[in-house]
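Here is a short report on one protein chain. Look over the sequence and the model, then read on.

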Amino acid sequence: MTHFIPQNLPDRIRHYIDGELVDSVGGSTFDVLDPVSNTTYVQAAAGRQADIDLAVASAKRAFDDGPWPGMKNRERARILNRIADQVETRDAELAELETFDTGLPITQALGQAQRAAENFRFFADLIVAQRDDTYQVPGAQVNYVHRKPVGVAGLITPWNTPFMLESWKLAPALASGCTVVLKPAEFTPLSASLWAGIFEEAGLPKGVFNLVNGLGEEAGDALVKHPDVRLISFTGETTTGQTIFGNAAKHLKGLSMELGGKSPAIVFADADLDAAIDSTLFGVFSLNGERCTAGSRILVERSIYDDFVSQYAERAKNIVVGDPHDPKTEVGALVHPEHYAKVMSYVELGKGEGRLVAGGGRPAGLETGNYVAPTVFVDVKPDARIFQEEIFGPVVAITPFDTDAEALELANAVKYGLAAYLWTSDLKRAHTFAHGIEAGMVWLNSHNVRDLRTPFGGVKASGLGHEGGYRSLDFYSEQQAVHISL
Ligand code: NAD
């Protein structure tokens, strides 16, 4: 198999601080691997306290003395729209870099730029259309709410669809008038290196956007603990979120946490079975299963269980696993050998916890690279670790149920509560069930396509706070009440 290597790889990946690409103070670097050859293709600057100090100082100067926080919303929106245009022109380039660095199939990486661009356009529209709140007590008082950006925001992001998830934080933070320091995931720093050029082309003032690469325990930790960083928006694992929560306590920082998931898809006997099978396959095997909202537990009503399982297993066996850059590939290579080892350990564990009906290891013919065959375990009991724990790979657990009450109990029987998917043609049951589910987001008879105005976030161990639409702007804004007596 020929291994595709993009033409335009940088010779090294650097930080971007105060409008300049820079190496780490002290020059330290870390290795970045590609997930097909698992060899180092570039060195990235490994940020530490001194680099974070410089980046935060730059963001603080841009906040205290620069034009960005005080700019009219309409002017800021114009720059955000130019950013969106710049992002969109890089769709093909971004897809190649993302596919190379993350192992995401190229057909799924294409279009990530459009999604990222939409995030900027959406928040540009939102700040222009934003209404200010006023409350009158007739004859006595007028009160209004004065919004202002909070300050320097620290943005910490994971390695799955990294560029798009970065845009999800960058767009509302910048729209609100904050200045930022972004710390992208160390497994996948490549696509983030496009942001500096995009922001410069779009005319974002110097110092508003800063980027520090590095390990979570070093660069991420220093960002979280920095006293001049007022907010942390974090997406990643629940355990990392807990550490950050503790470290942010000293300075009482604003926190938004988008964490892990183990989301159920519940299929009732009256569901459109073909649509449910299509969607539940997509739900856990698209994006290599490295998706926070993956429907990684499927609960199926017993009367259709055997039929569902046999059709599902056949379809899973036919999924094409292969080189991420091949347009025929549906599941590519997992991001990193460490993550591959973790997913494979769950595959082995599952063989003792459920009945294997598809996959179960490395696909034949793919002897190197982080490839895992789409793996389906059935008859999985709720106390199994593969039912309870986030695997974050192409592995699904299927469990039968007999009654609505049992389905709800199984759906809620994990510590997570990010998303849920329901398949039924009974409207009343759909809504009643949706309201009973402990999940931040529920999709009824549908894929997880989002309307950007809706809240995004989880409950229980899946997160804290909601982003999406006005909720994101609220997070990055102070809301000061001004009271006037009449
Ligand atoms: P991770 O928690 O290992 O790392 C995420 C980021 O945090 C990285 O940039 C990392 O360097 C940084 N980090 C690590 N330790 C840190 C520390 N002590 N202080 C500060 N920063 C630190 O997560 P990951 O493996 O990159 O991503 C996969 C996880 O992200 C999965 O659990 C997935 O469900 C979750 N995720 C959630 C959502 C959501 O919206 N809920 C979206 C995507 C991914």
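Is Ala430 buried, exposed or partly exposed? Ala430 is partly exposed, because 19 other C-beta atoms lie within 10 Å. The cut-offs are as follows: buried means 20 or more other C-beta atoms within 10 Å of the residue's own, exposed means 12 or fewer, and partly exposed is in between, with C-beta atoms placed from the backbone.

## Basis of the model

This is a predicted model, in which local features need pLDDT of at least 70, side-chain atom pairs count only at pLDDT 80 or more, and totals for chains, interfaces and linings use all residues. Residues are numbered from 1 along each chain as its sequence is written.

## The chain overall

The chain holds 16 helices and 22 strands. Both are DSSP runs numbered from the N terminus: helices are H or I with at least four residues, strands are E with at least two. The C-alpha trace spans about 65 × 65 × 40 Å along its principal axes. The radius of gyration is 23 Å, which agrees with the value near 23 Å for a compact globule of 486 residues. That radius is taken over C-alpha atoms, and the globule rule is 2.2 Å times the number of residues to the power 0.38.

Of the 486 residues, 53% count as buried. Take the contacts in the chain with a separation of 6 or more: residues 24 or more positions apart account for 72% of them. Two residues are in contact if their C-beta atoms, placed from the backbone, lie within 7 Å.

## Around Ala430

Ala430 sits in helix α15 (residues 427–436). Leaving aside neighbours within four places in sequence, Ala430 contacts Leu422, Thr424 and Leu444. Asn445 is 15 residues away along the chain from Ala430, and their C-alpha atoms are separated by 8.9 Å.

## Helix α5 and its partners

Two packed helices are described by the angle between their axes and the distance between the axes. Axes are lines fitted to C-alpha atoms, for helices over the stretch in contact, and angles run from 0 to 180 degrees between N-to-C directions. Helix α5 (residues 112–129) packs on helix α6 (residues 162–175) at about 15 degrees, with the axes 9 Å apart. That angle makes α5 roughly parallel to α6. Angles under 35 degrees count as roughly parallel, over 145 as roughly antiparallel, 65 to 115 as roughly perpendicular and the rest as oblique. The α5 side of the contact includes Phe120, Phe123 and Ile127, and the α6 side includes Phe163, Met164 and Trp168. By class, the residues of this contact divide into 12 nonpolar, 3 polar and 1 charged. Here Ala, Val, Leu, Ile, Met, Phe, Trp, Tyr, Cys and Pro count as nonpolar, Asp, Glu, Lys and Arg as charged, and the others, Gly among them, as polar.

Helix α3 (residues 91–102) also meets α5: their axes come within 8 Å and cross at roughly 115 degrees. Asp91, Leu94, Ala95 and Glu98 of α3 face Gln112, Ala113 and Gln114 of α5 in this contact. The tally is 3 nonpolar, 2 polar and 2 charged residues.

## Helices α2 and α7

Helix α2 (residues 73–89) packs against helix α7 (residues 195–202) at about 130 degrees, with the axes 8 Å apart. That angle makes α2 oblique to α7. Ile79, Arg82, Ile83, Gln86 and Val87 of α2 meet Ile198, Phe199, Glu201 and Ala202 of α7. The contact has 6 nonpolar, 1 polar and 2 charged residues.

Thr89 also belongs to α2. Thr89 counts as partly exposed, because it has 14 C-beta neighbours inside 10 Å.

Which phi does Asn38 have? Asn38 has a positive phi of about 55 degrees, although it is not a glycine. Asn38 lies in the loop between β3 (29–33) and β4 (40–45), and is partly exposed with 14 C-beta neighbours inside 10 Å. Leu252 has a positive phi near 45 degrees, and is likewise a residue other than glycine. Its place is in the loop between α9 (238–249) and β11 (254–258). Leu252 is exposed, with 8 other C-beta atoms within 10 Å.

Asn8 is in the segment before β1 (15–17). Asn8 is exposed, because 7 other C-beta atoms lie within 10 Å. Gly177 is 169 residues away along the chain, and the two C-alpha atoms are separated by 33 Å.
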